[in-house]
Amino acid sequence: MGRRNSIPREHRDDTRARAPQVPQRPLLPDRRLTPLSPSRTLDEIEPSMPTALEQITACKPVESGGPRASNRLAYQRDWTFSLLLRLHETDEDYLVLCDYHDDVVVLRPSQPPPSVEFFQIKTDANKKWTMARLLRGQEGANGSLPSVLGKLYHHQSRFPDDVRSLNLVSTQPFSLDLKTTPGSESRTRFTAIELTDASIDSIRKHIKSELSLPAEPTVDSLLVFHVSDLNLADHDTHTQGRLLRFLEARYPGRLLPVPTLYRVLADEIKRKSDEERTFATPTDIVKYKGITRDYFEKVLRARPPGHTIVSRSKRL
C-alpha cells in the first residue's frame, strides 16, 4: 500500500513554484522510489494526525525572549537538515515544524498517539550542562524566561496527550549524576530515568514550582538528553557531507548537484524558521512552518539534470 500523502495543496503549489529555480545512524541501502501520491486536500489527510496538529494550532507559542545569535540559528538550521535526512531514510511519514513552540517539532502521523517530539537545541561552545544550569531561570529582554527544563516540560503541560518525547540537544556534554554507567559526560544519549533518585526529585520539585503545576510531573524516559554529533565550528560543511552520503546511497552512480540541493533546502529551513505570523489553521502551519516527506521528496526530484555528485564535503 502506498504511503499517504501528508502535504496540503497550498504547500504543494508553493513548492512547484520555487524548487525548479534552482545523518548517528547508518544510511539505509538505496530503494526504488514510488510515484508521489495523487493530490489531496488537508481535509482528506487530517485524520492521520487530527489531535496533535489541531492542538499545536490552538495553543500559541510562548514568547522566546528576543533575537538569537546568527551562528546559533545557522547551527539550528543545519541540525534540522541532518534530522530531515535521518527521517527521510525511513519509510515513515513525518512533518517537521521549524522554530514553532520550540526549535524543532516533529510529528509522526503514521504512528498512534502520542506522536509529537519537541527538540530544544543548545550551542554553548565550552560550558557543560549541570543540573543547576538546567533548572536556572534565564533573563530575557522583557523579563525572566523559563529554565531549560521548565520550557521543555511546559510542552508536556500544554499537550499532555500528544507528547512522545522532550529532547534537549547540546553541543557540549552533560555533567549530571546517573545511576547507570558510563557517566553522563561520556554519553551521547541518555534519558531522565537513568538519573539518580535525588536528581529526579530535584527536577520534579523545581518544575512543579516553576510551572505552578497542581502536582509534581513524572520524570522518566520521556525526557531525553542528546550530545549532538554535528560539529559546531563547521556545521555547514559537515551537513553537506551528510547530504552527499545520503544521495550516494540513494542514487548510486547518478549525477546530482550537492551544493545546489543543500542551498535550496537550507534556505527553505531558514525561511520557515524566520516566519513569525500568527496561524489560524493547521493548513497554514504546514504551509509556512512545516517540511513534509512529500515536500522533501519533490525538492530531490526537482534537481537539475546533468550535474555530478561533487562538493567540498567529499573531502570529509
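The accessible surface of the protein comes to about 15,000 Å², and 51% of that area belongs to carbon and sulfur atoms. The model is a predicted one, and the exercises below work from its overall make-up towards single residues.

**Exercise 1.** State how many helices and strands the protein has, and what percentage of its residues count as buried.

*Solution.* Begin with the secondary structure, where there are 11 helices and 11 strands. Then turn to burial: of the 316 residues of the protein, 51% count as buried.

**Exercise 2.** Determine whether strand 3 is enclosed or open, using the burial of its residues, and identify the strands with which it pairs.

*Solution.* First take the residues one by one: strand 3 covers residues 116-122, and seven of the seven are buried, so the strand is largely enclosed by the rest of the structure. Then look at the pairing with strand 2 (residues 102-107), which is antiparallel and extends over four bridges; here leucine 107 stands opposite valine 116. Finally, strand 7 (residues 163-170) runs parallel to strand 3 and is joined to it by seven bridges, with valine 116 standing opposite valine 163.

**Exercise 3.** Check the end-to-end distance of helix 9 against the span that its number of residues leads one to expect, and list its buried residues.

*Solution.* Helix 9 runs over residues 258-274, which makes 17 residues. As for burial, the buried residues of helix 9 are Val258, Thr260, Leu261, Tyr262, Val264, Leu265, Ala266, Glu268, Ile269, Lys272 and Ser273.

**Exercise 4.** Decide whether aspartate 78 is buried or exposed, and find the side chains with which its own side chain makes polar contacts.

*Solution.* Locate the residue first: aspartate 78 lies in helix 4, which spans residues 70-88. Its relative accessibility is 0%, and because buried means under 20%, aspartate 78 counts as buried. Now examine the polar contacts, one of which, at 2.6 Å, links its side chain to that of histidine 235, while another, of 2.8 Å, joins it to the side chain of tyrosine 262, a buried residue of helix 9. To complete the surroundings, set aside the neighbours within four places in sequence; aspartate 78 is then in contact with Leu230, His235, Asp236, Thr239 and Tyr262.

Terms used: Residues numbered from 1 in each chain as written. Predicted model: local features only at pLDDT ≥ 70, side-chain atom pairs only at ≥ 80, totals over all residues. Heavy atoms only, no water. Helix = DSSP H or I, 4+ residues; strand = E, 2+ residues; numbered from the N terminus. Expected span 1.5 Å × (residues − 1). Buried < 20%, exposed > 50% of the residue type's maximum accessible area, 1.4 Å probe, protein only. Polar contact = N/O pair within 3.5 Å; in protein donor to acceptor, adjacent residues only side chain to side chain. Contact = heavy atoms within 4.5 Å. Areas by Shrake-Rupley, 256 points an atom, 1.4 Å probe, with all protein chains shown as cover. Pairing = 2+ DSSP bridges.
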